[in-house]
Amino acid sequence: MSETTRTNEENKLPLNGRRAIPPNYSNDEENEVPEMEAFGLVPRGFNPRDYLRVVDIYMFKEPQEINKQEHHTDKYYNPKLIVRRGQAFQIQIDFNRPYQPQSDQFWLEFLMGRYPQQNKGTYIPIPVGSALKPGQWGAKVIHRENNSIRLSIMSSATCIIGKFRLYVAVLTPYGILRTRRNSATDTYILFNPWCQLDAVYLDDEKEREEYVLNDVGIVFHGNVEDVKSRSWSYGQFEENVLDACLFLMDKAELELSGRGNPIKICRVASAVINSRDDDGVIAGSWNNSYDYGVAPSAWTGSVDILLEYYSSKQPVRYGQCWVFAGVFNTFLRCLGIPARLITNYSSAHDNNANLRMDFFLDDEGKVDTRLTKDSVWNYHCWNEAWMTRPDLPVGFGGWQVVDGTPQETSDGMYRCGPASVQAIKHGHVCFQFDAPFVYAEVNSDIFYTRMEKNGTQVVENIDTTRIGQLIVTKEVGGDGMMDITEEYKFREGSDEERLALETAVMYGVKKQSIQDTTYQPQTDVDMDFQAQKAVLGNDFKVTITFRNKSRNSYTATTYFSGNIVFYTGVPKSEFKKHSFSAKLEPSSSSSFDVVIKSSEYMRDLLEQASFHFFVTARINETGKILAVQKAVMLEIPTLQIKTKGELVAGKEMSVIVEFTNPLKQTLENVTLRLEGPGMLRTIKKQFGRIQMNSTLTWEVKFTPMRAGLRKLIASLNSDALRHVYGELNVQIQKP
C-alpha cells in the first residue's frame, strides 16, 4: 500500500450512517490546514518563494493598542486579540515585497473547531474589498507602506463567538499558499452590547459599564425585613477565565454553529452551571455539612470555582443559590452578554406550580410539618441576561430570567430560562422558557389549611402579599440596592395585577380560586408580630400584637413556634414552643412578649442564623384561626479590614484582617479567605481555633499592579459560625 493511500485512510472521518461529519462542539479541537493547496499537477520549476508571501502578521493585541481599547476588551488578562462582533478591528500584514492590488490576490480565513464549514459559520473566508458593510464580514486595506499593509476587518454582528484561528491565503497560478498555524494570531470574538445590530445591544453607556465591564458585584441576602448585602468578585477578566467560560459551552455540547445565539447559550449554561445530570460546574449542598469541599458561604467570588472546574473537569463542592448566580453572572459578562444578579425575597418554591403554597395546620392550629411540603425561601438569587427575543412576539425582549440553581427539571434537565421578565409581569407565561415556574416564585399565595378528622380541608387563612414582596439588584454605578419589584409584577391589588393573573391562568398556570374553598376569615381582628434586632449569641424578644376592631370581647388561644431553618425555609428543628391565652378587649390593641434565650437556639443554629416563627391564634368565640409567619435573622459579626503603608501601583502594601469571636464558645476549624479582584488572587489561611472573646489578626503583603478603585473582600468560615464577611474599597494611586 502506498504512503499516500495510507494517510488518506487515516484522515477519513469515523463512519457514521446518521451524519456526514461528527458533531462539532469543541472550540479547542483543530483540523490540519494545508500550507500548499495545489490545483492539480504542479510544474517542476514552481517555487512558492517567487510569489507574494506573508512574512509576519501584527494583531495590535496589547491592552493599550487600538483594538482592545475600541472593543472594550483591554481589561482581559489575556495576551491574544479579543474583539467584539459587528465592529471593525485592525491587523497589519508584512509581505516579502510590496503588495500590488492589480495582480496580487489574497484573503483571510477564520476557522473554528475540528470540522470547519462555511454554512455553519465555522469557516469564514474574507476577501479584501473596497468598502466595509456594517455587521457583515469584510476587509479593506486602509494603509500601505513599503512591504506592509494595514487592514480593517469587519466581523458579522451575528457570527458565532469563541476562539478563531487565523490564516492568510495567497492565490498563485498553481494553488493556494497559506500561512503556517500560529497560535499568536488566534482571535477571540465576543458578543457586542455596543453594536446596534447585535442581539445583546444595550443603549445606555452607564448600564454597559455596570452589566458588562464591572468585575465586582453585590449579593443581597437576609430577609425582607432585614436586607443584608455582601460583595462578590465576578473576575470575568482574570487570567484563563475566558477559556474556562468557552469550555463550559464545549462541556454542555452546544454545537459551534449555535454559539452566536444568546438564547441558546443561556439555556445550556443554566444547566451546566449546576452539577445535576451533566457533571456541571458546582455541586449544590443545603444540608449544613460540607465534607471534602468548601462551604458555600466561604467563597468570595467566581474565579476560584471556574478555574478549579476548568482544570479538574469535576464539579466543585459546594454552592447554594448566590454561588450559582455569581458564577453564571461571570460567564455571561465574560462572553459579553449584559447580566445582573437578582434577589427575590420570600421566594416560593412551589412543587407543583399551582400558585399555592400549602401550610397544613393540625386541630389545635399548630403547623403540621409532616404534611407541609412547600417551602418559602428567605431569599433566592437568579440572574437576568439582556437580549432580543426574535423567537417571541414583539415586546418580550430585554431582561430575561436565567437560573442555574437546580430546583426543578425543564425539558428533562435541571435548568431554568431564559424567561422574559416582561412576559412574567403580564402573565404571558405561554412563552418559552419556564415562565410558569418563575411566575409562581414571585406570585404564589400562602394557604393555611386545617385538616378535619374526616379528611376534608378547611382553608383558615390566606396570605396574598408575602411571596415575592421585594425583588432587588445592585444599582448602576454604586453599591446601593435597586428595587425592581415593579418590573416583575403590578401593584398588589391593582386591576392590572388581576388581569395578569387571569392571563397566566388562561395560559395554564393552575390556580384554585378562593371561591372553590369554604373560606370565611375573621376580619375584625388583626394579628402581627415584631422581633427585636438581635446579635448572634444574645437573648432577644418577640412581640405579638392583636388589634380587635370589633365591639365584642374575644379570647384567643395562641400558639407560638420558633424553628431553626435553612435559608430555603426548610425547618431543621423546633427550638421554642409557647402557648398562652390572650384577652382581647373591644376596639383596642394588646401586646404580648415572648423571650428567646441564646441557650435555646445556639446548639442547633445553622449557618445563616435564620429563624422562622409561626404564630397561630384561635378566636375561641368564633372558632376562626389567625396565622402569621416571619423569618428573622440574627446579626452576624463582620470582619474588619484595614490597609497599612502607601497604596501605589507597583509598591508593596499590607492588608490586615481582624475578627473578634463574639460567641460564648471556641470557634474550631477557622478558615479565612481574602481576594481583591484585579489586584490580588484569592489567598486562604487556616487557623486552628479562636477562643471566646479573643481576636484573630492576619496580615497579608502584596503588590497591586494597576491603579484605580478596587475592592478587598474577605470571608471567615468555621464549624459553628459561617457567613462572616468584610470588605474595603481601596484607591490605588498611579506611581
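C321 touches W286, W377, Y379, H380, C381, T405 and Y567, not counting residues up to four places away in sequence, where contact stands for heavy atoms within 4.5 Å. The model is a predicted one, in which local features need pLDDT of at least 70 and side-chain atom pairs count only at pLDDT 80 or more, while totals for chains, interfaces and linings use all residues. Residues are numbered from 1 along each chain as its sequence is written, and side-chain values use heavy atoms, with hydrogens and water left out.

C321 sits in helix α7; helices (H or I, at least four residues) and strands (E, at least two) are DSSP runs, numbered from the N terminus. With a relative accessible area of 0%, C321 is buried, a label that applies under 20% relative accessible area (1.4 Å probe, protein chains only). The UniProt annotation "active site", from an unreviewed entry, covers C321 together with H380 and D403; such annotations may be inferred rather than shown by experiment. These positions are spread over 83 residues of sequence, yet they cluster in space, with a largest C-alpha distance of 10.0 Å.

H380 belongs to strand β18, residues 375-387, and is likewise buried, at a relative accessible area of 0%. Beyond its neighbours within four places in sequence, H380 is in contact with C321, I342, T343, N344, S347, D403, T405, Q407 and E441.

At least three residues come from each of domain 1 (36-190) and domain 2 (211-507), with bounds taken from an automatic or database domain assignment.

At the level of the whole protein chain, the secondary structure comes to 12 helices and 40 strands. Of the 735 residues, 56% count as buried. The C-alpha atoms fill a box of roughly 115 × 65 × 55 Å, taken along the principal axes.

Definitions and conventions: Buried means under 20% relative accessible area, exposed over 50%, partly exposed in between (1.4 Å probe, protein chains only).
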